[in-house]
Amino acid sequence: MSFSGDVKDELVRFENDARHCQIAELAAILMYAGLIKTDDLGATHIEVAMDDLVMQRCHMLLDRLFGQQFFTEEQFIQDANHVRKVLQMIKHGSDDLLVNPLLIKSFCCKRAFLRGAFLSVGSMSNPEKAYHLEYVCVDTQQAAQLIDILLVYGIHAKTVVRKKYQVVYIKESEEIVELLNVIGAHISLMKLENLRIFKDMRNSINRRVNCETANITKTVNAATKQIADIQYIKEHYGFDNLKDNLRQVAELRLEYPDAALKELGEYLSPPVGKSGVNHRLRKLSELAEKLRGD
């Protein structure tokens, strides 16, 4: 099962005994994945287009709220007076795409709404590859309502048009973690946090290795140039013409081509610090360039 499937599997098993939260979650499911139809006889039906896992959740919510079985073999909600009342209650006026704000006024109901919305139209990419969570909405108003609710929890979602849909998406790993916490997917949250820690540690190690490799390359290149300059001075100028402090450093560099500047300084008598050795080598380099120019 995918990571997104694991999240939904966990959410389907989420226990919520508060009736008002159950209504808020059901409202999200019916608004996002339900299609309200009226047949030729004037009877109202709701067709729910979801996978079996989420259908079970919807079935459970209806059963707990009304204490009856509402699904036929065709997976339609049968017409009944209390079902019509619920439809009238969850809709925002005559708009079939927005949930009545009164149903999601409290924080707990907002959490339930986001849970139902994710079960219906939410998905999440494999966090080992990328951080991306999204809701697919049918129009801008539906997307705007969802974004406003996410913002209550400090989650800053963005939208993008994909074919005829408005996709509300989140790419920041910290905000995805917060959303999983809000909707009650705590096991998935811990898995994601473990993956984040592993990825951060791996990236930190890679950065350190790259940095050390760059420093080693820089040191080797510098030492190679120093040796080339010293050899040129030896052949075209002679060490006997050098000052004692420059001659000592030149001889040590040829004797210890792989030594660091600090190590070369310790071989000198008296010992010289890293900056002092670097200064003398720079003088030798300037002399070599001058000899080449001449």
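The questions below ask why particular labels apply in this predicted model.

Residues are numbered from 1 along each chain as its sequence is written, and side-chain values use heavy atoms, with hydrogens and water left out. Local features need pLDDT of at least 70 and side-chain atom pairs count only at pLDDT 80 or more, while totals for chains, interfaces and linings use all residues.

Q: Why is His132 called buried?
A: Buried means under 20% relative accessible area, exposed over 50%, and partly exposed in between (1.4 Å probe, protein chains only). His132 has 18% relative accessibility, so the residue counts as buried. His132 is found in the loop between strand 6 (122–124) and strand 7 (133–137). Helices (H or I, at least four residues) and strands (E, at least two) are DSSP runs, numbered from the N terminus.

Q: What makes the pair of His132 and Glu134 a polar contact?
A: A polar contact is a pair of N or O atoms within 3.5 Å; within protein, one must be able to donate a hydrogen and the other to accept it, and residues adjacent in sequence count only if both atoms are side-chain atoms. The side chains of His132 and Glu134 meet at 2.8 Å, as a polar contact.

Q: Why is Lys163 called exposed?
A: Its relative accessibility is 79%, so Lys163 counts as exposed. Lys163 lies in the loop between strand 8 (158–162) and strand 9 (165–170). Its phi is near 60°, a positive value in a residue other than glycine.

Q: What makes Glu25 and Arg57 a salt bridge?
A: A salt bridge is a side-chain nitrogen of Lys or Arg within 4 Å of a carboxyl oxygen of Asp or Glu. Glu25 and Arg57 meet at 2.6 Å, N to O, in a salt bridge. The pair links distant parts of the chain: Glu25 is in helix 2 and Arg57 in helix 3, 32 residues apart.

Q: What makes helix 7 mostly covered?
A: In helix 7 (residues 173–183), eight of its eleven residues are buried. Among them are Ile176, Val177, Leu179 and Leu180. Just after helix 7, Gly184 takes a positive phi of about 95°.

Q: Which residues touch the most other members of the largest nonpolar core?
A: A nonpolar core is a set of buried Ala, Val, Leu, Ile, Met, Phe, Trp, Tyr and Cys residues joined through side-chain atoms within 4.5 Å. In this core of 57 residues, Phe113, Leu114, Tyr135, Leu146, Leu150 and Leu179 touch the most other members. Helix 2 (residues 19–33) supplies the largest share of this core, ten residues.

Q: Why is Ile205 called partly exposed?
A: Ile205 has 48% relative accessibility, so Ile205 counts as partly exposed. Its place is in helix 8 (residues 186–236).

Q: How do you know that the bond from Ser269 to Pro270 is cis?
A: Its omega is near -5°, and the peptide bond is cis. Pro270 lies in the loop between helix 10 (261–267) and helix 11 (274–293).
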